Amino acid sequence: MKERNNIAVIGDGAWGTAMALVLESAGHAVTIWGHDPAYLDEMRQSRRNRLFLPDAPLPDGIGFEADLQALLGRSDLVVSAVPSKFLRPVLSGLGGAVDPDTPFLSLTKGFDGSPDGETFLRPTEVIRELLGVRRVAALSGPSHAEEIARGLPASVVIASDELAIARDLQQVVTTNRFRVYASRDVIGVEIAGAVKNIIALAAGIIHGMGLGDNALAALATRGLAEMTRLGTQLGAEPQTFSGLAGMGDLITTCISPLSRNRYVGEKLAAGESLDAILAGMNGVPESVTTTRLAVGLARRNFVDMPITFQVAGVLWDGKDPCEALEELMTRARKDED
């Protein structure tokens, strides 16, 4: 790729905006697409993302475009920051809009599916299916948008089935405040990025119930075991889960008050309904949709994920968090895996 690229960022939420800031600081021409033209105009004029990242000024090097098809056609690199439940609707019908050799970098964490049709595909698989592009990669790791936008240091990983693609994108995205590692384990990176949000929701429940650091550490450790079991069953490399996309991201999202997924858990522990919690949030907590899909994926592949199953019970079956905790703590004794 070139030293200066025309980069499209699909998604005007906090994470898309933060990555646009990173890419602009790396010397690229960046254009953000969002679904609401009026809101794009507001950002263009105010140079702020009022709803999702209000404290970060947007430099003049970041542009805005309401016509996604036109934007894809003139971009050297496309970065997708669309929440998982919106990824398929946004990209459907755009198969001819992008050159098959245009690199595509996914920031989406979750799985593809709705109650009417669950494919359980990872985001990079959805992108390949809908757009026919060949050079696809995923970025993940401990990277709260609010901190990235402030220029605080962070390290992440970019993974692609072809390591050369990951290394090309590593050169494009890396700055002196945003260190990027390359990997070929795209399965592991995407599985880790999805499942850690479920564990973060459970961490919020533990925090909201005042259960202490010991319980939180146990949850994170056993949660890591769950994501590793699922990932390796699906073809991932075990070591990926001890790296930035696994342990790194899991630690951050479990302990940080910036985590939307942890916030949902805290509010559930306080007795608020899921509908009320979601109605009061601007951003999308990926854990809510991901939990249902992860349960289906685990059962389809005969993977035991007791924390995930209990979170699903709290979210969808009205199970009391205290009951879920009791069932986890009184499971049959076993050796540590």
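R122 and E190 are both buried, where buried means under 20% relative accessible area, exposed means over 50%, and partly exposed covers what is in between (1.4 Å probe, protein chains only). Their side chains meet in a salt bridge, with 2.6 Å from N to O; the term stands for a side-chain nitrogen of Lys or Arg within 4 Å of a carboxyl oxygen of Asp or Glu. This pair links distant parts of the chain, 68 residues apart: R122 sits in the loop between β7 (117-118) and α5, and E190 in helix α8. Helices (H or I, at least four residues) and strands (E, at least two) are DSSP runs, numbered from the N terminus.

A word on the model before we go on. The model is a predicted one, in which local features need pLDDT of at least 70 and side-chain atom pairs count only at pLDDT 80 or more, while totals for chains, interfaces and linings use all residues. Residues are numbered from 1 along each chain as its sequence is written, and side-chain values use heavy atoms, with hydrogens and water left out.

Now let us step back to the whole chain. Its secondary structure comes to 15 helices and 10 strands. The radius of gyration is 19 Å, close to the 20 Å that the globule rule gives for 337 residues, so the protein chain is as compact as a globular protein of that length. That radius is taken over C-alpha atoms, and the globule rule is 2.2 Å times the number of residues to the power 0.38. Along the principal axes, the C-alpha atoms fill a box of roughly 55 × 40 × 40 Å. Of the 337 residues, 54% count as buried. The protein chain exposes about 14700 Å², and carbon and sulfur atoms supply 49% of that area; accessible areas come from the Shrake-Rupley method with a 1.4 Å probe, and for residues only the protein chains shown count as cover. Among contacts between residues at least 6 apart in sequence, 69% join residues at least 24 apart, with contact meaning heavy atoms within 4.5 Å.

Next, find the sheet. Eight strands form an open sheet in the order β3-β2-β1-β4-β5-β8-β9-β10, with mixed pairing. β3 (62-65) and β10 (178-183) stand at the edges with a single partner strand each, so one side of each is left without a neighbour in the sheet. From one strand to the next, the twist averages 25°. Two strands pair if DSSP finds at least two bridges between them. Strand β5 (residues 104-106) and strand β8 (residues 136-140), for instance, pair in the parallel sense over three bridges, and S106 has A138 in β8 as its bridge partner. Helix α2 (residues 37-46) lies across β2 (29-33) and β3, running at about 160° to β3. Axes here are lines fitted to C-alpha atoms, for helices over the stretch in contact, and angles run from 0 to 180 degrees between N-to-C directions.

Back to the charged side chains. The whole structure holds 20 salt bridges. In one of them, D112 meets R88, with the closest N and O atoms 2.8 Å apart. D112 lies in the loop between β5 and β6 (113-114) and R88 in helix α4 (residues 84-91), so the pair ties together parts that are 24 residues apart in sequence. D112 counts as buried at 7% relative accessibility, whereas R88 counts as partly exposed at 22%.

Another salt bridge joins the side chains of D101 and R134 (2.8 Å, N to O). D101 lies in the loop between α4 and β5 and R134 in the loop between α5 (123-131) and β8, so parts 33 residues apart in sequence are tied together. D101, at 41% relative accessibility, counts as partly exposed, and R134 counts as partly exposed at 46%.

G204 is in helix α8 (residues 186-208) and is buried, with a relative accessible area of 0%. Leaving aside neighbours within four places in sequence, G204 is in contact with R262, G265 and E266. T308 lies in helix α14 (residues 306-316) and is buried, with a relative accessible area of 0%. Not counting residues up to four places away in sequence, T308 touches I198, E226, T291, A294 and V295.
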